[in-house]
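These are my notebook entries on one protein chain. I set down what I looked up, in the order in which I looked.

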Amino acid sequence: TTFEYWSHAACVLPLEDWPLFAFRRRAYRRRGFHWHKEPTRAIRAVRKALQAEGPLTTTGLGGAKKSADWWDWSDAKTAAEWLLMLGEVACVRRVGWRRVYDLAERAVPPEFRQAPTGTTWSDDDGVIGPDDDTCIRDLLCRSARVMGVGTFEDIVDVHRLLPSRALPRPVLEGHLRDLVEMGRLVAVAVEGWDEPAWADPVALAAGDSASSRTTLLSPFDSLVWHRGRTARLFDFDYTMELYVPQKQRVHGYFTMPVLHRGKLVARVDPKRDGRTLHARQVTFETGPRGGVPPAAVSGVATALSEAAAWVGCDSVRVDRVVPATAARALA
């Protein structure tokens, strides 16, 4: 039901979106190799190995590196990644950090690799799929659906459809106007925002009846990926502190925001210790007088319990709570 491909980063995406990345596969083919010399023999060998043996990691394809340097890929790794970028190969799962590659013709169901009845897909660059304009319009529409409402920068950043020489801003803005005329997006003004915005009509119609989950959010979740939008929507300044020296960290190594009732109410720095989910620090957003709403405490408790279940833990341990006055209620 999902595949891994280059969206705003290496992302897990719904399988029905596979055809829409034909525009990016074409762009890679037109650009050619960027960082590595084309390993023609290795490309043929990778195709042959996957055809004969099925899903393989780079270990099964001949190894990932030429040397100990992380960037010094082997020809087999370069070939597999190139074929992934072109859509000939798909990543079907991960083993640890390693991708497991398979031929797309096996991994992607035919309905996502063939034009629907009555339509024609472009293959001028040897990449089968909808034409570039269709891909980009549909991805912009899906991006607005993910955002609910967003500015130009918000929407184009979901799949990194950033203005470029090949895709200038006026072209992207033209696609947004087309989607409004088609009724697939609604042009809106948002109180407090200086820029025009677009909304998903379904989300707009739902209004206040829409509800959010209570959950821990990955730092890479679409809701908080665009940090400027996170601050604008939630008044929540969020920074990953993985690369901050330990003594300078404020909230923890891998802080995950807690979403509860449509608000970001806290940050959790979690770690799995055996069968225990260890929350090394829980930092609540406080009210004007420094208090923590009871609903936020119960939301964090729910999110931690659910997260423990995700990773096969049967208990939760909390070390530090900020402010400390909320520790007893959370316990």
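Entry 1: The model I am reading is predicted. I then looked up how the two strands run: β3, residues 89-95, pairs with β4 in the antiparallel sense, over 6 bridges. I noted that the two strands form a hairpin with 2 residues between them. In that turn, G96 has a positive phi of about 65°.

I next asked how many residues of β4 are buried. For strand β4, residues 98-103, I recorded 5 of the 6 as buried, so the strand is largely enclosed by the rest of the structure.

**Entry 2: an open sheet.** I looked up a sheet and found that 5 strands form it, in the order β8-β9-β10-β11-β12. I noted that this sheet is open and that its pairing is mixed. Which strands stand at the edges? They are β8 (215-216) and β12 (315-322); each has a single partner strand, so one side of each is left without a neighbour in the sheet.

Within the sheet I followed β10 and β11 (residues 276-284), which run antiparallel and are joined by 8 bridges. For A266 I wrote down F284 in β11 as the bridge partner.

I then moved to the end of β12. The peptide bond from V322 to P323 is cis, and I recorded its omega as near -5°. P323 has its place in the loop between β12 and α13 (327-330).

**Entry 3: helix α1.** I listed the buried residues of helix α1, which covers residues 22-31: A22, F23, R24, R25, R26 and Y28. I also looked up what covers these buried residues, and found β1 (2-6), α4 (75-86) and α6 among the covering elements. Just after α1, I noted that G32 takes a positive phi of about 80°.

**Entry 4: W121.** I found W121 in the loop between α5 (104-107) and α6. Is this residue buried or exposed? I recorded a relative accessible area of 16% for W121; the cut-off for buried is under 20%, so W121 counts as buried.

I then looked up the contacts of W121, leaving aside its neighbours within four places in sequence. The residues in contact with W121 are P19, F112, R113, Q114, A115, P116, I128, G129 and P130. I also compared W121 with R29, which is 92 residues away along the chain, and noted that their C-alpha atoms are separated by 17 Å.

Entry 5: For helix α11, residues 227-234, I listed R229, T230 and F234 as the buried residues. Seen down the axis of α11, these buried residues fall within an arc of 105°, so they line one face of the helix. I noted that the cover over them includes α6 (132-147), β5 (149-151), α7 (152-157), α10 (222-225) and β10 (263-273).

Just after α11, D235 takes a positive phi of about 50°, although D235 is not a glycine. I placed D235 in the loop between α11 and β9 (256-260). I recorded D235 as exposed, with a relative accessible area of 66%.

**Entry 6: R160.** I looked up R160 as well, and found its phi near 50°, a positive value in a residue other than glycine. R160 lies in the loop between α7 and α8 (169-181). I noted R160 as partly exposed, with a relative accessible area of 34%.

**Entry 7: a cavity.** I ended with a search of the whole structure, which finds 1 cavity of 30 Å³ or more. How much space lies in the largest cavity? I wrote down about 50 Å³. Its lining consists of H8, M147, D154, D157, V158, S222, W225 and H226. The elements that give two or more residues to this lining are α7 and α10. I sorted the lining residues by kind and recorded 3 nonpolar, 3 polar and 2 charged.

How values were computed:
Residues numbered from 1 in each chain as written. Predicted model: local features only at pLDDT ≥ 70, side-chain atom pairs only at ≥ 80, totals over all residues. Heavy atoms only, no water. Buried < 20%, exposed > 50% of the residue type's maximum accessible area, 1.4 Å probe, protein only. Helix = DSSP H or I, 4+ residues; strand = E, 2+ residues; numbered from the N terminus. Arc of directions from axis to C-beta. Contact = heavy atoms within 4.5 Å. 1 Å grid on protein atoms, 1.4 Å probe; cavity = no way out; pocket = protein on both sides within 12 Å on 5 of 7 lines; lining within 4 Å. Points joined across faces, edges and corners; volume = space filled by probe spheres on them. Nonpolar A, V, L, I, M, F, W, Y, C, P; charged D, E, K, R; others polar. Pairing = 2+ DSSP bridges.
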